[in-house]
Number of protein chains: 2
Amino acid sequence: MSPDATAAILLIGNELLSGKVDDENARFLIRELRALGVSLRRIEVVPDVPEEITDSVRALSPRFDAVFTSGGVGPTHDDVTLHAVAAAFSMDIVRHPDLEAMLRRGYGDRLRERDLRMADIPSGARLEYGRAGAAGVAASPGSVWPVIVVRNVWVLPGVPSIFRRKFENVRELFRAAPIHGRALYSAAGEGSIADALDEAVAAFPGVDIGSYPHLDAPDYRVKVTLDGRDAARVNDALAWLAAKLGAAVVRTD
Amino acid sequence: MSPDATAAILLIGNELLSGKVDDENARFLIRELRALGVSLRRIEVVPDVPEEITDSVRALSPRFDAVFTSGGVGPTHDDVTLHAVAAAFSMDIVRHPDLEAMLRRGYGDRLRERDLRMADIPSGARLEYGRAGAAGVAASPGSVWPVIVVRNVWVLPGVPSIFRRKFENVRELFRAAPIHGRALYSAAGEGSIADALDEAVAAFPGVDIGSYPHLDAPDYRVKVTLDGRDAARVNDALAWLAAKLGAAVVRTD
């Protein structure tokens, strides 16, 4: 990944929109991407409708360095993600021999013709086995089910435990420059500090400044966050803002 | 709302994408909309960037009966939602006299010129005070801060406790026909029941059938859900599927 890599997440599944299942995968991936230094710029949640998925993939892929999809990759009628990703890039669906071999080995006599559909992937897809496992050794092709990658779209499964395991296999491929975050807690409300925040935003380009009122906090009213890839610059912005706000500053961290 | 009303949610805020704040508002609204019978079709999470918000509003508004935005409506530099919504509909921003009067009353001598910006809303917006409170009495204009509605876009604040209170004020405006949900738990895996699910999907249009593997469940492997606005039809589909799957059915609910 480039040092200032960007990403989007596309969650696929009616169950997320109907409230039957609480999202766990975006919640996990948001934190992982932040720790890796990848700037997550957009999340979309769409139903199991091929056209919706195709439209989202087509819109997101050119805008961000990486797009992670979650869900819709099993053997049932609502598992439409790979066909929809293929359509987004005008690719055919082809049966991949390595995946077919793994399925035949794994299922043995229990294999149904239908199960082989899981080996059907976009013609331009590649299989990503991960750079290195916990022991620093890359998984060998055929030993684990790979992540299917189509251009910059990483197709991950919806079941949270498998989603996490698959992402962990490929995580190190996404390490970018770290994002440094600081915070300042203000006893004065947002209206009182808004002018100072405007000045800080103008004076420190490259530092992303956020302002979040907390109604229930014991000793402050607003948390101001400062983030950027240049740690010295973030620290300078914090010091500048702390001096400007003076007695309103409860603490910084 | 029409009996088969649809909705989308647009969450606005860098803090959601950086993982500084866990979303609570979509999580709340997903359940509320389901209980009201409104079919939620899409969620987008975008940063505090006016063009991103404008593009999303412009794309979502014509596709769904209602669009709910969350965040970006305070007095600071990152509060850009109302200007972005105005831009989506090519409206100007105007100072609304009712809102200005409320701010002047509320702040009294402490009012800063800047605070009046919160009275600046799209020229085509209307103020919605809610149909009826818990006591069945509508809030009177001027007594509470209203929800700002621009065409079918409902602009709600990001602070979760206020988001909930505001939505509860207008909730009854969105009541649609109820969605009936049933479920079937299968001891057989997804691959084994996929053909039967295909047949059920074909035989029962109007019934939305979902299939969700549960790796850690004690006595089943797949939860199949059946949803629709016609309760009899949903029950028929469940009975048909249970007969088809026979001994694989652990239970239904």
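This is a predicted model: local features need pLDDT of at least 70, side-chain atom pairs count only at pLDDT 80 or more; totals for chains, interfaces and linings use all residues.
The contact draws on 54 residues from chain A and 53 residues from chain B.

How are the two copies related? A rotation of 180°, with 0.0 Å of shift along its axis, superposes chain A on chain B, and the RMSD is 0.0 Å. The copies are thus related as by a two-fold rotation axis. If you want to find that axis on the chain A side, look for Glu44(A), whose C-alpha is the nearest to it in chain A, at 2.2 Å. The surfaces used tell a matching story: 98% of the interface residues of chain A are also interface residues in chain B, so the copies meet through the same surface.

Now let's turn to the strands. β2(A) is joined by three bridges to β2 of chain B, residues 39-46, and the two strands run antiparallel. Within this pairing, Val45(A) stands opposite Ile43(B) of β2(B).

The rule finds 16 salt bridges across the interface of chain A and chain B, while the count over all chains comes to 42. One salt bridge to look up is the one between Arg27(B) and Asp22(A), with 3.4 Å from N to O. This pair crosses between chains: Arg27(B) sits in helix α2 of chain B, residues 25-36, and Asp22(A) belongs to the loop between α1 and α2 of chain A. Another salt bridge links Arg114(A) with Asp195(B), where the closest N and O atoms are 2.5 Å apart.

Which parts of chain A build its side of the contact? At least two residues each come from α1 (14-17), α2 (25-36), β2 (39-46), α3 (50-60), α6 (160-170), α7 (190-203), β10 (208-213) and β11 (222-228). Of these, α7(A) gives the most, with eight residues. Sorted by class, the side of chain A that touches chain B holds 18 nonpolar, 13 polar and 23 charged residues.

How values were computed: Residues are numbered from 1 along each chain as its sequence is written. Chains are lettered from A and ligands numbered from 1 in the order in which they are written. Side-chain values use heavy atoms; hydrogens and water are left out. Contact means heavy atoms within 4.5 Å. A salt bridge is a side-chain nitrogen of Lys or Arg within 4 Å of a carboxyl oxygen of Asp or Glu. Helices (H or I, at least four residues) and strands (E, at least two) are DSSP runs, numbered from the N terminus. Ala, Val, Leu, Ile, Met, Phe, Trp, Tyr, Cys and Pro count as nonpolar, Asp, Glu, Lys and Arg as charged, and the others, Gly among them, as polar. Two strands pair if DSSP finds at least two bridges between them. Copies are superposed by least squares on the C-alpha atoms of residues with pLDDT of at least 70 in both.
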